[in-house]
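Please keep the sequence and the model in view while reading.

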Amino acid sequence: MVHNETIFGLESTQLKFGRNSLNELGWELSKFNSTKVLFVVDPVLHDFDVTQKILDQIKSSGSDVITFDKISVEPSLKSFEDASQFALENSFDLIVAAGGGSTIDTAKVVNLIKICGGAVMDYVNAPIGKGKKPTSQLLPLIAIPTTSGSGSEATTVAVLDIPEMNLKTGISHRFLRPSLALVDPELSKTTPSGVTASAGLDVISHAIESFISKPYHKRLKPNSPDERPPYQGSNPVSDIWSMKAIDFVGKYLSRAVLNGEDIEARGNMMLSATLAGIGFGTAGVHIPHACAYPIAGLKHSYQASGYKKCFVPHGLSVIVTAPAVFRFTYDVDPEKHIKAAELLKGSVIINPSHESLPYELIKLMKQVGAPSGIKELGYEKQDIPEIIKGANKQQRLLSVAPKKVSENDLNQILIQSMENW
Ligand SMILES: [Fe+2]
C-alpha cells in the first residue's frame, strides 16, 4: 500500500551572526580540537584584510593552516576536480571556507572527495552523474560567507557548471552541510553593489520558492529514513525561516544595493541569505532554479554589473522566471502567494490577486537594476526548447514544485519571462 509522508525534519548549520563575529573564529576552532586547517578562500578577499584576519584567527587557535585560493567565480567540474586534487595531496582535519557560494561549494566538494574518495561525477545528481551518497560523515566545515545570496553556508548543496554538457547541476547530501556559519556583516563591505543585487534576488527566490513548495505530506513516504530527500517540501518550520527572509529582503535589499556602506542593510541581507538557506535547505527550490541552470549554462554573453567577466550570475538567472512561475503556481495556494507578496511589500495588499506577487517581485527587480527578462540575457524565442530540455533534467528540483509542470507550462513561463516589463 502506498502512503504519503508523515514526517519532516530540521537539520541546520549552527549559526553565529553579528558584527565582528569573525573575531570569534579562533575560539570556535579551539572547540573542534583541530591541528591543521585547510583554508579555502576567494582570492578577492586578499585585497581586503579579510584573508589575513582569518589566518590570524586560525593561528590563535593553535592550529596549522594550508591555503587553497584557486576559486572559479562559477565553479565547474574541472575547478572542483582541481580543488579536490589539492585536498588529496595535503593533510588536514578541518576546513574553513571564506567567500561567496562558489567558495563554500568548493569546500563542500573538497571535503566529500577527501573523506569518501572517488570522482566528483560519482556524486553529481543522477541522471547527469551517478548520484552516489557519501559513505561516511565528513570533516567539520566552518563557512564564512562574504556575499549575501547563495545561503550555501546553511545548505546541503554544491552547484557546478559542466560546460561540455552545457548545463549546471549539483551535488546534494546532508553530510555536505557546513557545521558552523560565521556571518559577519563587516565582510559585506567587500561586495560590489551589482553582486549584492544578484545575490539578494537569489535570496528572495529561495525564500518564496521554498515557502510555496509542495507540502512535505504530499510526497510519498520513503522506504527508509535514509531515502528521505534533503528537499522535503514546505513544512511549518521551514516556513518560519522563509517568511522572515522574505520580510528582510523587502526591508533591506534596495538599501543594501544603493549604499554599500549601509552595514545594517547589508548585514541583514547576509542574515536573510542564511535564513532562506535554512528554509530552502529543508523545503527545497524548484521551477525558477530548474530553469536557471540552463539559462546560466547555455549563453555567456551577458555582462552583469559588478562582475568582471561575461556570464549570467546565478541570482539573475533565477529571478527572470520567478514572476511568471509564481503566476503559474498561484492557484495551488493563493493564501501563501498573497502572504509572500505582503511580506515583501511590508504591508497588507488590498484586493489581492494572482498578479500581486509577480507585481511586488518586478518592483524589487526594477529597484535593484535587474534585467527585465531572459531576452536581455541574450535569449530569443527559438532558444526556449533548449532551456526546457535543460530544466527538465532537474527533476530533483521540479519534484518539489507545488504542482506538476509540463513542457507546455514551461514554454508558457519562458515566453512570459522573455520580458517581465
Ligand atoms: Fe539559488
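The model discussed here is predicted. The centres of domain 1 and domain 2, taken over C-alpha atoms, are 24 Å apart. According to the domain assignment, domain 1 covers residues 20–183 and domain 2 covers residues 192–417.

Where the domains meet, 25 residues of domain 1 are in contact with 31 residues of domain 2. On the side of domain 1 that touches domain 2, strand 7 (167–172) and strand 8 (180–183) are the elements that give two or more residues. Strand 7 contributes the most to this side, with four residues. Sorted by class, this side of domain 1 holds seven nonpolar, 13 polar and five charged residues.

## Overall form

The protein contains 16 helices and eight strands. Its radius of gyration is 20 Å, close to the 22 Å that the globule rule gives for 421 residues, so the protein is as compact as a globular protein of that length. The C-alpha trace spans about 60 × 55 × 40 Å along its principal axes.

Of the 421 residues, 54% count as buried. Among contacts in the protein with a separation of 6 or more, 81% join residues 24 or more positions apart.

In soluble globular proteins, nonpolar side chains tend to be buried together. The largest nonpolar core of this protein has 127 residues, and the members that touch the most other members are Ile95, Val96, Ala97, Ile246 and Val249. At least three residues of this core come from each of domain 1 (20–183) and domain 2 (192–417).

Leaving aside residues up to four places away in sequence, Val96 touches Val37, Phe39, Ile54, Ile58, Ile142 and Ile144.

## Helix 4 and the residue after it

Helix 4 consists of 16 residues, 101–116. From its first C-alpha to its last, helix 4 reaches 22 Å, close to the 22 Å expected at 1.5 Å a residue. Of its 16 residues, 13 are buried, so helix 4 is largely enclosed by the rest of the structure.

Just after helix 4 comes Gly117, which takes a positive phi of about 70°.

## Backbone details in loops

The loop between helix 5 (120–123) and strand 5 (141–145) contains Pro127. The peptide bond leading from Ala126 to Pro127 is cis, and its omega is near 5°.

Two asparagine residues take a positive phi although neither is a glycine: Asn20, at about 70°, and Asn351, at about 55°. Asn20 is placed in the loop between strand 1 (14–17) and helix 1 (25–31). Asn351 is placed in the loop between helix 12 (334–345) and helix 13 (356–367).

Arg177 belongs to the loop between strand 7 and strand 8. Is Arg177 buried or exposed? The threshold for a buried residue is 20 or more other C-beta atoms within 10 Å. Because Arg177 has 25 other C-beta atoms within 10 Å, it is buried. Apart from residues up to four places away in sequence, Arg177 touches Glu11, Thr13, Thr155 and Thr156. Arg177 and Ser152 lie 25 residues apart in sequence, and their C-alpha atoms are 8.2 Å apart in space.

Asn408 is part of helix 16, which covers residues 407–417. With 9 other C-beta atoms within 10 Å, Asn408 is exposed. Asn408 and Ile388 are separated by 20 residues in sequence and by 9.3 Å in space, C-alpha to C-alpha.

Terms used
Residues numbered from 1 in each chain as written. Predicted model: local features only at pLDDT ≥ 70, side-chain atom pairs only at ≥ 80, totals over all residues. Domains from an automatic or database assignment. Contact = placed C-beta atoms within 7 Å. Nonpolar A, V, L, I, M, F, W, Y, C, P; charged D, E, K, R; others polar. Expected span 1.5 Å × (residues − 1). Buried ≥ 20, exposed ≤ 12 C-beta atoms within 10 Å, placed from the backbone. Core = buried A, V, L, I, M, F, W, Y, C linked by C-beta atoms within 7 Å. Rg over C-alpha atoms; globule rule 2.2 N^0.38 Å.
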